[in-house]
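Thanks for coming, everyone. Let me put the structure up, and then I'll walk through a few helices and contacts.

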Amino acid sequence: MLELKNLDSGYDFLQILWDVSLHVDKGEFVALVGPNGAGKSTTLRTVSGLLSPKGGEILFKGKSINKRKAHEISRMGISYVSEQLNLFTDMSVEENLLLGAYALHDTEQQLKTIAFVFELFPRLKERKRQLAGTMSGGERKMLAIARGMMSNPELMLVDEPSLGLQPNLVTDVFRSLQLLRDQGVTILLVEQNVNATLEITDRAYILEQGKIVMEGPSRSVKENEHVRNAYLGI
Amino acid sequence: MSNITSVRPATLTSLLTRIKDNRPVFIVSVFSLILLIVIGIKGGPPQILNTFVSGGMWALMAVGLALVFGVMNIPHFAHGESFMVGTYVAYYVYTPLLAALGSNPNPVFKALSPFAGIIAAGLVGAILGIIVERLIFAPLRHRTRSGWVMNAFLLTVGISFVMTNGATLTVGPNFRGIPTYWDVDPIEILGARLAVDRLVAFFISGVTIALVWFFLHRTRTGRAIRAVAQDETGAQMVGIDLDFIHTLTFSLSTATAAIAGAALLFMFQAYPTVGLKPLYFAWYVVMLVGLGNIAGAIVGGFIVALLQTATQLLFTITWETVIPTIVMILVLLLAPSGLFGSEVKGIQEQ
């Protein structure tokens, strides 16, 4: 579904990604893990079109999306949940969700997706009139993920959903991602919480200093000596 | 446009709570009420009406400014030229139309012909806005966002120069005005004689502001405009085309200023620098309430008009710009982000 071929990317004159190649197949739940500053978020920003690639190719469903603008990529079915969340803080939860479905013109479909999202996150339903900016960190993460789901995406790019959350909320967020996967949504997850991430994902890539250093099924990545030493502290 | 009516904007309620909780706002509300009473005692109902006419118009101008600043981060100093274009379009549509109706015109057509001029001004303004945005701001935005606020400011000043001098070059420096739109006797309300032109001007500003408000809060595209104002990256992430929203916003803002100009042709007349005063007052308003705050701009329009009329009555017209400026400086000293705070990205260098 998504394929990166020898991707180079970065900001202005600062190149961060070097020759990154990875692929995510339909229905897969793939993790991209690595230390701070490895380029995980840069990878997602480049795929979502907020950054333009310096080299290589990004293919979505076999078509190159290198030159596409962010809003076009979003409309093609790639939904990006950023680390900063980028919520519309002076709007209500419900308005944020409706904007998530901006590209869908079908009102009936919008209401159906909203109902589904409320079922998944009952907390959001309770607070649908509340302004997004006045919610707690965990609620905002949920709202960001929920907003990302509103466009009925085929692929979701989720950046650091566990960052800054208390442990029981982290479990909530991971459970909602698993539910999404069960709904048939393909997910590429960037995380620092390596242990939990490798538990729930199918496959994993390890990114270090802008290069892919390892890939494989999550279970075998978890058993790897380097990973155990560097990330799991075992 | 989807019409999901269940969405209630929180802006009005939040505005009311802010008035209750916010000391400077509370003080200003009381102050405004006192000014209104003073105007009522010294000037009587016609002066109160005057206040509302100018208040509506400053609000309409300020809403355009707030929109352009809030959504595009442009400190728009050519907004007065949109007003100027509105006065000219209204003049050049309305006067020939009136002449074409002959010496003994059908009263219905005669009463409706000013609206033709005003609507034409709105349309020309909208088109002008699209052209200016596509030709001037879009290329700059695509090239670089660094130093955007300063660059955009300088561009608007340039546009202002070109348009005022362009108007002098093409139609000349002469004043072109009309004595009145509706040549009928003033209406008597509570013993006060109120000019129909002014009543209609107030009505037009009210309707235009209401339409803009409705558009921003009740339609899908309007919601997208607010989304871009709050988080540009987030807006792109949900599939909103920034170029489309920016062009639309600029066009909307230019159109509202042109409508204001057209509706006030009887008061201002059309000449190349007619836009200066409305521009200054619109800027007083947005600085007073906080840049980019649309709800605040509406309230602020009336506050500034109150100050203006009260100054005219108490200190003569010479002081008309001095007193509002002093008040603005005081407010900025006490509340630097304006009375209603700031709901926008603010001035930030990307």
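**Helix packing and the chain contact**

Start with H13(B), which is mostly covered: 18 of its 22 residues are buried. Buried means 20 or more other C-beta atoms within 10 Å of the residue's own; exposed means 12 or fewer, partly exposed is in between, and C-beta atoms are placed from the backbone. Helices here are DSSP runs of H or I with at least four residues, strands are E runs of at least two, and both are numbered from the N terminus.

Some ground rules. This is a predicted model, where local features need pLDDT of at least 70, side-chain atom pairs count only at pLDDT 80 or more, and totals for chains, interfaces and linings use all residues. Residues are numbered from 1 along each chain as its sequence is written, while chains are lettered from A and ligands numbered from 1 in the order in which they are written.

Now Thr51(B), in helix H3 of chain B, residues 45-72. Contact means C-beta atoms, placed from the backbone, within 7 Å. Thr51(B) and Leu306(B) are 255 residues apart along the chain, yet their C-alpha atoms are separated by 5.9 Å.

H3(B) also packs on helix H12 of chain B, residues 276-289, at an angle of about 65° with the axes 8 Å apart. Therefore H3(B) is roughly perpendicular to H12(B). Axes are lines fitted to C-alpha atoms, for helices over the stretch in contact, and angles run from 0 to 180 degrees between N-to-C directions. Under 35 degrees is roughly parallel, over 145 roughly antiparallel, 65 to 115 roughly perpendicular, and the rest oblique. The H3(B)–H12(B) crossing is right-handed. Right-handed means that the near helix is turned clockwise from the far one by less than a right angle; anticlockwise is left-handed.

Who meets whom? From H3(B), Trp58(B), Met61(B), Ala62(B), Leu65(B), Ala66(B) and Phe69(B) meet Pro278(B), Phe281(B), Ala282(B), Trp283(B), Val285(B) and Val286(B) of H12(B). By class, that contact has twelve nonpolar, no polar and no charged residues. Nonpolar covers Ala, Val, Leu, Ile, Met, Phe, Trp, Tyr, Cys and Pro; charged covers Asp, Glu, Lys and Arg; the others, Gly among them, are polar.

Next pair. H5(B), residues 107-143, and H6(B), residues 148-171, have axes that come within 11 Å and cross at roughly 150°. So H5(B) is roughly antiparallel to H6(B). Their crossing is right-handed. Val132(B), Ile136(B), Phe137(B) and Leu140(B) contribute from H5(B), and Asn151(B), Ala152(B), Leu155(B) and Ile159(B) from H6(B). The class count is seven nonpolar, one polar and no charged.

Last, the two chains. The contact takes 27 residues from chain A and 21 residues from chain B. On the chain A side, helix H2 (70-76) and helix H3 (93-100) each supply at least two residues. H3(A) gives the largest share, five residues. The chain A side divides into eleven nonpolar, ten polar and six charged.

Terms used:
Two residues are in contact if their C-beta atoms, placed from the backbone, lie within 7 Å.
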